[in-house]
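Please keep the model open while reading.

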Amino acid sequence: MGDHVMTIGGVGAPTKGTFPVINPATGEHFAEAPECTREQLDEAFASAADAYKEWRKDEAARREALGKAADLLFGAGAEIGPVLTAEQGKPLGEAGGEAFAAGIWFKYFAGLEIPTEVIQDDDNAYSEVVRRPLGVVAAITPWNFPIVLAAWKIAPALLAGNTMVLKPSPYTPLATLKMGQLLSSVLPPGVLNVVSGGDELGAWMTSHPVPRKISFTGSVATGKHVAASAAPDLKRVTLELGGNDPAIVLDDVDPAAVADRLFWGAFSNNGQICSAIKRVYVPERLYEPVVDALAERARAVKVGEGTSEGAQLGPINNKPQFERVSELVADAISGGARVATGGRPMDGPGYFFEPTILADLSDGTRIVDEEQFGPALPVIAYSDLDDALERANATHFGLSGSVWGTDVDRAASVAAQLECGTAWVNSHLALAPHQPFGGSKWSGIGVENGVWGYEGFTELQVRYRSKA
Ligand code: NAD
């Protein structure tokens, strides 16, 4: 797997201390990640602040560098993929695909047009509104998609003229460190610094005096700490937090036709996606056929080590998360839920859990009310659509949701009543660089992606020229 080093000021930064990284497919410690000290974090921020002076000046140079970064990432699957599979658990093809997807985001932002807005041009004045960079950005990412979620931050922040210090999750630091090393060949020194360490390193970043903006993706609980920590010196924050996405199936649906898409909307990346389907509401008339179709799909899925041939789902990423999913499933079963399939950890080493479909349970059960973030899906019957909608919305979460129906207009009018950042019809998890992504309520503040995500890394300036 090679040496894992932080990148500060464009070069590898050795550390005295390290911390262990576990392969979730075996439960074994397979590598050591560098442990950033406070002094090194200061160096990283100082280097980003220094690089900002030049980087902010030349938009054409920034676009060119982002284009080169995209090309690099398009070809980086073989280098990043195996490291990502080893620390995250996902199948090798998906891990390599994540590097490619990161390239797509860089390419999009390299070419994103940013029009100047003229708001007045008359006898009195000419006035335009422009977007200026904020300065140094502190970026913090979770363990489910370390590479692509970092790209969602790096590409727009750098396009806007900011520089960055990025910290991946301690569960998955290695692929991001590798990305930092690769990108240092196309970015000027200090523009992107990548550091690694435990949760306390994140807290040092959010309270550090240099960054003007915190871009954070992670859990609601940590997001609240980040907001509080950013408040004393009014740092800007974007928070992409957890979700408990509902999918509402309407009564005109053919269960066999939607089961596959519903299943993958919930179980992609082993259910470890903020905006995965986390609960399904099904009309009573279709309840048994939908439960059966989902269970059949779950039984057919190949679960295994990310490096094994044909594996579609890997292990849960880490022990606390594995224990949490196990606990939520056990709690539902002891409360009377029916196990349509799965329901238990798998035999052998590693954090493998059977793809699980739970039936005959309702709101008020922890796995329905909380974010499970794993391969277990509760299916809930409803008799009245308005009641189902009310239950779907009766949560602090509001990341996304979906409605499934043959009459697409009717489904769209139901979807429009979901209180969340993205409302899909006959789809879930359709994400793209041009599409803003963010949450209502506790699922977040601000958005990423598209021109709106770019704007989150800028501040407005009115440029006013008097003609009087
Ligand atoms: P987490 O909140 O535990 O950790 C996220 C990151 O924050 C890690 O890098 C961690 O080291 C760091 N951190 C921890 N404590 C910190 C502190 N006090 N100050 C600053 N940083 C700190 O989340 P996780 O378990 O890594 O990720 C899973 C969660 O992330 C789920 O809730 C999921 O829904 C959410 N998520 C959201 C999105 C989104 O775009 N909305 C995307 C992916 C994951």
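## Ligand contacts

A polar contact is a pair of N or O atoms within 3.5 Å. The model is predicted.

Two further side chains make such contacts. In S219, an N or O atom of the side chain is 2.7 Å from a ligand oxygen atom. In W143, a polar side-chain atom lies 2.9 Å from an oxygen atom of the ligand.

## Cavities

How many cavities of 30 Å³ or more does a search of the whole structure find? There are five. The largest cavity holds about 70 Å³ of space. Its lining consists of 15 residues, and P246, A392, F397, G398 and E419 are the closest to the centre. Two elements give two or more residues to this lining: strand β12 (245-249) and helix α13 (385-393).

Six of its residues are nonpolar, five are polar and four are charged.

## Cysteines

A disulfide is a covalent bond between the sulfur atoms of two cysteines. Searching the whole structure gives zero disulfides.

Are C36 and C274 buried or exposed? The cut-off for buried is under 20% relative accessible area. C36 counts as buried because its relative accessibility is 4%. C274 has 18% relative accessibility, so C274 counts as buried too.

Definitions and conventions
Residues numbered from 1 in each chain as written. Predicted model: local features only at pLDDT ≥ 70, side-chain atom pairs only at ≥ 80, totals over all residues. Heavy atoms only, no water. 1 Å grid on protein atoms, 1.4 Å probe; cavity = no way out; pocket = protein on both sides within 12 Å on 5 of 7 lines; lining within 4 Å. Points joined across faces, edges and corners; volume = space filled by probe spheres on them. Helix = DSSP H or I, 4+ residues; strand = E, 2+ residues; numbered from the N terminus. Nonpolar A, V, L, I, M, F, W, Y, C, P; charged D, E, K, R; others polar. Disulfide = S-S within 2.5 Å. Buried < 20%, exposed > 50% of the residue type's maximum accessible area, 1.4 Å probe, protein only. Polar contact = N/O pair within 3.5 Å; in protein donor to acceptor, adjacent residues only side chain to side chain.
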